[in-house]
Amino acid sequence: MDMKPFIIKQISVFSENRPGRLAAIARALEEDGINILAFSIAEADGFGVVRALVDNPDKAYRKLTGGGFSVNFTDVIAAKMRDQPGGLYEIARILGDGGVNIEYAYAYSGKEGAVLILRVDRVDSAIELLLKHGGELLKTSIFH
Amino acid sequence: MPLSKVVRIHTTSGTTGKPTVVAYTRGDLNNWSDLIARNLTMVGLTEGDVFQNMVNYGMFTGGLGFHYGAEKVGMTVIPSATGNTKRQIEMIQDFGVTAIHCTPSYALHLAEAAEEMNAHFDTLKTGMFGAEPWSDAMRKELENKLGVTAYDSYGLSELYGPGVAFECKERNGLHIWHDCYLVEIIDPVTGETLEEGERGELVVTPIVKEAMPMVRYRTGDITMMMEDGCLCGRGNRIGRITGRSDDMLVIRGINVFPSQIEHVLLQLPEVGNQFMVYVDRIGHLDEMTIEVEMTREHFSGELHDLAQVQKRVAKALRDALELRTSVRLVEPGSLPRFEGKAKRVIDRRGGI
Ligand SMILES: [Zn+2]
């Protein structure tokens with residue numbers, strides 16, 4: 001099976017943990033009309049990584065890199081979640097039973113409904129498992 | 001010494017306030033050019049060489065000092081002085097220059113300008129660089145770009161000027177001439193004399209100076225005495241200058257020089273070469289925090305990789321400084337850049 005349509009490019013931006021950095025990233029993307037679908041911030045000792053799912057990852061990469069940010073792509077998958085109790089558990093259980101480790105996850109609710117974005121240790125296995133168990137994954141083609 | 005016996009005056013390029021005036025008798029000028037001639041001979045230069053002296057010829061000692069030393073060797077001297085890099089490049093090519101002298105930062109500028117002009121230096125073989133500290137990484141870069149063997153030249157106006165100490169062909173320490181200078185290394189804080197191999201402030205007593213004799217002159221430069229046994233057979237050697245004693249920090253009783261930090265960072269591709277040091281006293285303990293820029297190419301996008309880089313930098317600093325430090329990773333380009341004298345240390349400990 002071709003997993004590629006389900007592998008989504010998240011942009012990861014290095015950011016110091018100080019006021020205004022997130023705003024600077026958001027403003028840069030807004031200037032070029034790039035829509036942020038979801039984001040999360042992971043932080044450690046004084047620095048962090050802003051993770052964002054945007055409607056045009058390549059354009060976002062160019063814009064942010066041009067603005068002096070350190071940016072890289074990270075492969076993630078986006079699973080539709082039942083927007084009711086147990087929705088998250090279902091996905092976590094399928095992956096857990098299949099031996100796939102979730103490194104981190106964050107969610108958003110958009111016109112596709114509730115979506116869980118997952119960074120896992122084995123992307124291909126995760127896609128296969130979720131599809132096999134009736135899960136629904138967003139395709140990369142909804143992005144530009 | 002009456003002024004009538006003084007035949008020349010130079011001034012120091014001192015970093016603080018009014019320059020210091022230095023005076024020379026005829027005997028001084030003779031000793032000085034002898035010293036330079038010895039150094040040039042030591043690195044293999046002869047009357048067959050063509051020498052372009054690309055430093056300031058005014059009050060700065062580097063211009064006339066090297067000029068007369070090179071003439072004493074019998075080299076063909078081109079007193080090109082500073083400025084007009086394009087013209088400097090053309091002169092090197094037109095006159096078949098084999099040896100140059102300039103500051104390391106100007107040498108880098110020259111190399112970059114030559115690259116842009118697509119100019120090659122086919123005849124060049126020797127580069128002598130001094131008047132500011134420079135690293136071994138810079139040596140490699142200069143040698144690659146200019147096609148020279150690069151030698152470190154040390155001196156200061158109070159001790160005549162350039163020529164006090166100079167690298168031989170081994171380029172493992174600078175020979176300092178025992179018949180002209182007595183050398184000690186001291187702890188800049190306590191003043192006590194240090195052993196061979198211990199880093200401290202260079203103190204020099206010149207024994208041939210006439211117009212301005214001095215005893216135990218504190219140079220402010222940080223180096224160490226190296227053990228005898230240079231493969232070239234010459235004696236007294238000092239290490240390359242690694243900083244200024246006024247930049248020295250005492251953290252929990254350990255002497256730290258910003259140049260040591262710079263040296264560590266140069267070895268780590270994950271981080272840039274710019275840094276800032278903050279020193280605080282928390283409780284009764286000195287705490288040193290070092291901010292360093294993550295390099296763009298080494299950002300994987302993963303937080304745990306960043307944490308790994310942070311750990312690696314802290315460990316390398318700990319190994320080099322024998323001191324635990326906190327390392328903060330900051331965004332590329334976010335630290336201040338300095339022109340001229342860098343102010344990288346912010347000591348917030350207050351009255352000590
Ligand atoms: Zn030697």
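Trainee: Which side chain meets A:Lys80 in a salt bridge?

Mentor: Keep in mind that we're looking at a predicted model. A salt bridge here needs a Lys or Arg side-chain nitrogen within 4 Å of an Asp or Glu carboxyl oxygen. The N to O distance for this pair is 3.4 Å, and the partner is A:Glu136.

Trainee: How many residues apart are A:Glu136 and A:Lys80?

Mentor: Place each end on the chain. A:Lys80 is in strand β4 of chain A, while A:Glu136 is in the segment after α4 (123-132). So the pair links distant parts of the chain, and the separation is 56 residues.

Trainee: OK, on to the two chains. How much area do chain A and chain B bury between them?

Mentor: The size of an interface is often given as the accessible area lost when the parts come together. In this model, 25 residues of chain A are in contact with 16 residues of chain B. Carbon and sulfur atoms carry 53% of the buried area, and the total is about 1,600 Å².

Trainee: Which residues of chain A lose the most area to chain B?

Mentor: Look for a trio that together makes up 36% of what the chain A side buries. Those residues are A:Phe14, A:Glu16 and A:Phe47.

Trainee: Which residue of chain B forms a salt bridge with A:Arg119?

Mentor: The rule finds 2 salt bridges across this interface. In the one with A:Arg119, the closest N and O atoms are 2.8 Å apart, and the partner is B:Glu302.

Trainee: Which element gives the most to the side of chain A that touches chain B?

Mentor: The elements giving two or more residues to that side are β1 (8-16), β2 (36-43), β3 (47-54) and β4 (71-81) of chain A. That side divides into 10 nonpolar, 8 polar and 7 charged residues. With 5 residues, the top contributor is β1(A).

Trainee: Last one: which strand gives the largest share of the nonpolar patch?

Mentor: The patch covers about 330 Å² and is made by A:Leu22, A:Ile36, A:Phe39 and A:Ile41. A:Ile36, for one, is in strand β2 of chain A. The largest share is 3 residues, and the strand is β2(A).

Technical notes:
Residues numbered from 1 in each chain as written. Chains lettered and ligands numbered in written order. Predicted model: local features only at pLDDT ≥ 70, side-chain atom pairs only at ≥ 80, totals over all residues. Heavy atoms only, no water. Contact = heavy atoms within 4.5 Å. Buried area = accessible area lost by both parts, 1.4 Å probe. Helix = DSSP H or I, 4+ residues; strand = E, 2+ residues; numbered from the N terminus. Nonpolar A, V, L, I, M, F, W, Y, C, P; charged D, E, K, R; others polar. Patch = residues over 30% accessible without salt bridge, like charges linked within 9 Å, V, L, I, M, F, W, Y side chains within 5 Å. Areas by Shrake-Rupley, 256 points an atom, 1.4 Å probe, with all protein chains shown as cover.
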